[in-house]
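Open your viewer and get ready to select residues one by one. Each stop on this tour tells you what to pick and what is there.

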Amino acid sequence: MDIKIFWKGFIFGIVLSIFLSVYAFYSMTTATKIGLDEIEITDLNGIKIKSSDLLQGKPLVVNFWATWCVQCVNEFSEFELAKKKFGDKVNFVMISDE
């Protein structure tokens, strides 16, 4: 094996690795970020609600659930108690993709 060919390939591999590492780092740090105020939710009646309307200076509790998840269905009673306790001081949103 020719030593010059080895070193050319070795240096090319290092340069390529550095380039790909910088590119991957740049891609991960400049990803498009969605703000919470840009999310749109559709309620059960088909009415679209912007998440910024739900914030309004109040805490927002978001629960992701599914009908097949027994624990998810069981915790609804706890959310009802919290809703009664905190009333209009907290907004609750239950989200399902079903």
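Start with K48 and E40. Their side chains meet in a salt bridge, with 3.9 Å from N to O. A salt bridge here is a side-chain nitrogen of Lys or Arg within 4 Å of a carboxyl oxygen of Asp or Glu. The structure holds one salt bridge. K48 is exposed, at 55% relative accessibility. E40 is partly exposed, at 48%. The cut-offs are these: buried is under 20% relative accessible area, exposed is over 50%, and partly exposed is in between, with a 1.4 Å probe and protein chains only.

Before you go on, know what you are looking at. This is a predicted model, in which local features need pLDDT of at least 70 and side-chain atom pairs count only at pLDDT 80 or more, while totals for chains, interfaces and linings use all residues. Residues are numbered from 1 along each chain as its sequence is written, and side-chain values use heavy atoms, with hydrogens and water left out.

**Colour by confidence**

Now colour the chain by pLDDT, the predictor's confidence in each residue, from 0 to 100. The protein chain averages 84. Of the residues, 92% score at least 70. Which element has the lowest mean pLDDT? Select helix α2, residues 51–55: its mean is 76. Helix α4 has the highest, at 91. Helices (H or I, at least four residues) and strands (E, at least two) are DSSP runs, numbered from the N terminus. Keep one caution in mind: where pLDDT is low, the predicted coordinates should not be read in detail.

Go back to E40. This residue sits in strand β1, residues 40–42. E40 and F6 are 34 residues apart in sequence and 56 Å apart in space, C-alpha to C-alpha. F6 is partly exposed, at 36% relative accessibility.

Stay in helix α1 and select G9. G9 is partly exposed too, with a relative accessible area of 43%. Draw a distance from G9 to E38. The two are 29 residues apart in sequence, and their C-alpha atoms are 48 Å apart in space.

**The nonpolar patch**

Select I3, F6, W7, F10, I11, I14, V15, I18 and V22. Together they form a nonpolar patch on the surface, with about 870 Å² of accessible area. Accessible areas come from the Shrake-Rupley method with a 1.4 Å probe; for residues, only the protein chains shown count as cover. Patches are made of residues with over 30% relative accessible area and no salt bridge; like charges are joined within 9 Å, and nonpolar side chains (Val, Leu, Ile, Met, Phe, Trp, Tyr) within 5 Å.

Keep F6, W7 and F10 selected. Ring pairs link them into a cluster. Rings of Phe, Tyr and Trp (its six-membered ring) pair if their centres lie within 6.5 Å; planes under 30 degrees apart are stacked, over 60 edge-to-face, and the rest tilted.

W65 is partly exposed at 23% relative accessibility. F76 is partly exposed at 24%.

Next, select F79 and F92. Their rings are also edge-to-face, 6.2 Å centre to centre, with 75 degrees between the planes. F79 is in helix α4 and F92 in strand β4 (residues 91–95), 13 residues apart. Is F79 buried or exposed? F79 is buried, with a relative accessible area of 18%.

Stay in strand β4 and pick I95. I95 is partly exposed, at 25% relative accessibility.

**Last stop: the disulfide**

Select C69 and C72. They form a disulfide, with their sulfur atoms 2.4 Å apart. The rule asks for a pair of cysteine sulfur atoms within 2.5 Å. By this rule the count is one. The link is right-handed, with 70 degrees about the S-S bond. Both C69 and C72 are buried.
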